Amino acid sequence: MSRLFRAMIVLAVLAGCGQRDFAAPRELDDACSIVRQHPDYLRAFKATERKWGVPVPVQMAIIYQESKFVGNARTPFQWKLGVIPVGRQSSAYGYSQALDGTWEEYMEQEGGFRHKRDRIEHATNFMGWYMNGTQRELGIPLYDTRNQYLAYHDGRAGYRRGTWKSKGWLINVSDSLARRTLLYDSQLRACGKR
């Protein structure tokens, strides 16, 4: 085998090693299918549940809403005159759609300077950290998907001010997530993952 050919093989293998698959799982309405396709998700969810107390189905429902389980999800671009991109709607990124400022606060408090929003174990840990703060500050139980999501979406200060009350679409989404949590919980129990 020539040196050039061996070098090309090594480069091809190394190039493939850095690639991560950010594709969404199939069957997003089936929690068992999601964790079968991505066992690393279930490990991350359970680690967050152990550390922060946030139930697995609550985490799954919120990640479903925020990113549809796409690790590198971003908000859409904004456009001027319908053709000129002028930036994204917000800095939200990753599985949890954490904003830059909130993610930086999390890293400072948790010492996770190597954490990345596009890694499921870091995204779920962030969610656990954030939702625990919400429980402490606002008294919202960790299993209350509806109100935890309202505070997650509008921020704790926005939740406290009631900004969500004028957003019928957000109330509908949070109600839907509460139902999805129950669905995911019953599915995970049925397949022995809960």
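## A disulfide, a helix and a pocket

Reader: Let's start with Cys32: does Cys32 count as buried or exposed?
Author: Its relative accessibility comes out at 7% in this predicted model. Anything under 20% falls on the covered side of the cut-off, so Cys32 counts as buried.

Reader: And Cys191, what do we call that one, going by its relative accessible area?
Author: Here the figure is 28%. The middle class runs between 20% and 50%, so Cys191 goes down as partly exposed.

Reader: How many disulfides does a search of the whole structure find?
Author: Cys32 and Cys191 are joined, with S to S at 2.1 Å. That sits inside the 2.5 Å limit for a disulfide. Across the whole structure, the count is 1.

Reader: How many residues apart are the two cysteines, then?
Author: The link of Cys32 and Cys191 is left-handed, at -95° about the S-S bond. It ties together distant parts of the chain: Cys32 belongs to helix H2 (residues 31-37), while Cys191 is in the segment after helix H8 (168-190).

Reader: On to helix H4: what does it reach from its first C-alpha to its last?
Author: H4 covers residues 56-67, which makes 12 residues. At 1.5 Å a residue, 16 Å is expected, and the model comes close to that. The reach is 16 Å.

Reader: How many residues of H4 are buried?
Author: The buried ones include Val56, Met60, Ile63, Tyr64 and Glu66. Among what covers them are H2, helix H3 (39-52) and H8. H4 is mostly covered, and the tally of buried residues is 11 of 12.

Reader: Now the largest pocket: which element gives the most to its lining?
Author: The largest pocket has a volume of about 310 Å³. H4, H6 and H7 are the elements that give two or more residues to the lining. With 5 residues, the top contributor is H7.

Reader: And how many charged residues are in that lining?
Author: The largest pocket is lined by 17 residues, with Glu66, Gln97, Leu99, Tyr152 and His153 nearest its centre. Of the lining, 8 are nonpolar and 7 polar. The charged count is 2.

Technical notes
Residues are numbered from 1 along each chain as its sequence is written. This is a predicted model: local features need pLDDT of at least 70, side-chain atom pairs count only at pLDDT 80 or more; totals for chains, interfaces and linings use all residues. Side-chain values use heavy atoms; hydrogens and water are left out. Helices (H or I, at least four residues) and strands (E, at least two) are DSSP runs, numbered from the N terminus. Buried means under 20% relative accessible area, exposed over 50%, partly exposed in between (1.4 Å probe, protein chains only). The expected span of a helix is 1.5 Å times one less than its number of residues. Contact means heavy atoms within 4.5 Å. On a 1 Å grid over the protein atoms alone, a cavity is a set of points where a 1.4 Å probe fits but cannot get out, and a pocket is an open set with protein on both sides within 12 Å along at least five of seven lines; lining residues have an atom within 4 Å of a point. Grid points are joined across faces, edges and corners, and a volume is the space filled by probe spheres set on the points. Ala, Val, Leu, Ile, Met, Phe, Trp, Tyr, Cys and Pro count as nonpolar, Asp, Glu, Lys and Arg as charged, and the others, Gly among them, as polar.
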